[in-house]
Amino acid sequence: MHVDIVPVGEVPALVKREASAGLRAVYGCDVTLHDALDIPDDAFDSSRNQYRAEDFIELASRVGSGDKNIAITAQDLYYRRRNYVFGLAYLSGNGSVISTYRLQTSSDGGFSNRSSEDVFADRVRKEVVHEIGHTLGLEHCDNSRCVMNFSPTVREVDLKEQNLCGTCNRQVL
């Protein structure tokens, strides 16, 4: 499998590096990093002061040439009636997106003495692996430690591991 990472807007080198590392570690895939693209103007919803996640998925699918493509942005994203999303992917599709906007909180909930940069990097890896998992046909997992577990808050992102549980791993082999 080959995954194309498509940065949209300003995306720090740390984010690009951690996203690539997470995908390689969990899926053993080849990763290509594209040059950054401009944020699509028409994706902005001024009434919410947020961006539509679907527009970033469409952009990644159009620009990326990998088996799977993921847009990464620092913009605040939403999907339909949800207040926000860390990421979005269509089940078994080829495009996905993650936003680092809400992953940058300084606290890790008191789980460790790691630096805020390490906590942020860990969250980026988990969210990229999670969204690409959806494009591979994986749904949300009931195992709270599995990276495919639904995690609507950063606290829940921090609780899960970067890896797939045995059941999810067998589904992508």
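This is a predicted model: local features need pLDDT of at least 70, side-chain atom pairs count only at pLDDT 80 or more; totals for chains, interfaces and linings use all residues.
**Exercise 1.** Which residue forms a salt bridge with Glu18, and which parts does the pair tie together?

Solution. 
- Start with the partner. Glu18 bridges to Arg125, with the closest N and O atoms 2.4 Å apart.
- Glu18 lies in helix H1 (residues 13-27) and Arg125 in helix H3, so the pair ties together parts that are 107 residues apart in sequence.
- Check burial. The cut-off for buried is under 20% relative accessible area. Glu18 is at 14%, so Glu18 counts as buried. Arg125 is at 18%, so Arg125 is buried too.

**Exercise 2.** Follow Arg125 to Asp122, then to the network.

Solution. 
- Arg125 also forms a salt bridge with Asp122; here the closest N and O atoms are 3.0 Å apart.
- Both residues sit in helix H3, three residues apart, about one turn of the helix.
- Asp122 is buried, at 10% relative accessibility.
- Now widen the view. Glu18, Asp122, Arg125 and Lys126 are linked in a network of salt bridges.

**Exercise 3.** Is Thr100 buried or exposed, and what does Thr100 touch?

Solution. 
- Locate Thr100 in the loop between strand E8 (95-99) and helix H3 (116-135).
- Its relative accessible area is 4%, so Thr100 is buried.
- List the contacts, leaving out residues up to four places away in sequence: Val15, Ile72, Thr73, Ala74, Phe120 and Val124.

**Exercise 4.** Which residues form a negative surface patch?

Solution. 
- The members are Asp38, Asp41, Asp42 and Glu58.
- Take Asp42. Its loop runs between strand E2 (30-33) and strand E3 (44-45).
- Asp42 is exposed, with a relative accessible area of 57%.

Note on methods. Residues are numbered from 1 along each chain as its sequence is written. Side-chain values use heavy atoms; hydrogens and water are left out. Patches are made of residues with over 30% relative accessible area and no salt bridge: like charges are joined within 9 Å, nonpolar side chains (Val, Leu, Ile, Met, Phe, Trp, Tyr) within 5 Å. Accessible areas come from the Shrake-Rupley method with a 1.4 Å probe; for residues, only the protein chains shown count as cover. A salt bridge is a side-chain nitrogen of Lys or Arg within 4 Å of a carboxyl oxygen of Asp or Glu. Lys and Arg count as positive and Asp and Glu as negative; His and the chain ends are not counted. The place of a charge is taken as NZ of Lys, CZ of Arg, CG of Asp or CD of Glu. Helices (H or I, at least four residues) and strands (E, at least two) are DSSP runs, numbered from the N terminus. Buried means under 20% relative accessible area, exposed over 50%, partly exposed in between (1.4 Å probe, protein chains only). Contact means heavy atoms within 4.5 Å.
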